[in-house]
Amino acid sequence: PSTRPPTAGGTIGAELSRQIAALDPERLVLLDNGEHALYQIDLECGERWPELPRVAVLGDVRDRERIDQVLRRERPELVFHAAAFKHLPLVESNPNEGVLTNVLGTARVAEACERHGVGTMVLISTDKAVNPTSVMGASKRVAEMICQGRNLRGGATRFVTVRFGNVLGS
């Protein structure tokens, strides 16, 4: 595939970025709303894979216009969507932010993927979405349902969900 924009700076996104870079894609697009995290993974990719064409993009998955702008410009074939608030105690004490990022952000990325002809969007979810007992788990379950619903419609974009268990450092 030509371009792959994971959410780059978080624990999962950074590891995805490393593994994708090692596969020698045509181009790697790193997207994150955290400047320092994005800078760190971009720097690491530049040091480890100096010949790999890549671009670091500051952006928020909640921002429909920014996501559209990036997908329109980069034309990715594959999008890994790892942006989420995953720290259970923080999401429980800040439920609005958790829902805005985990649900609204996922919906906006999924919509943009369809609008811009992305072949596949991979949603990185959590085992806490199974019979959720927390705002974080419930918000990730809703994110999964958004992608499942879009996939059932049978459009050009394929939606895939992967659930991770507890991730060291997340």
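1. At 10% relative accessibility, E74 counts as buried (buried means under 20% relative accessible area, exposed over 50%, and partly exposed in between, with a 1.4 Å probe and protein chains only). R73 and E74 form a salt bridge whose closest N and O atoms are 2.9 Å apart; a salt bridge is a side-chain nitrogen of Lys or Arg within 4 Å of a carboxyl oxygen of Asp or Glu.

2. This is a predicted model, in which local features need pLDDT of at least 70 and side-chain atom pairs count only at pLDDT 80 or more, whereas totals for chains, interfaces and linings use all residues. Residues are numbered from 1 along each chain as its sequence is written, and side-chain values use heavy atoms, with hydrogens and water left out.

3. E144 and R163 form a salt bridge, with 2.6 Å between the closest N and O atoms. This pair links distant parts of the chain, 19 residues apart: E144 lies in helix α6 (residues 135–152) and R163 in strand β6 (residues 158–164). Helices (H or I, at least four residues) and strands (E, at least two) are DSSP runs, numbered from the N terminus. E144 counts as buried at 1% relative accessibility, while R163, at 39%, counts as partly exposed.

4. A salt bridge also joins the side chains of D127 and K128, at 3.6 Å from N to O. Here D127 is partly exposed at 34% relative accessibility, and K128 is partly exposed at 29%.

5. The structure holds 15 salt bridges. A network of salt bridges links R64, E111, E114, R150 and R153.
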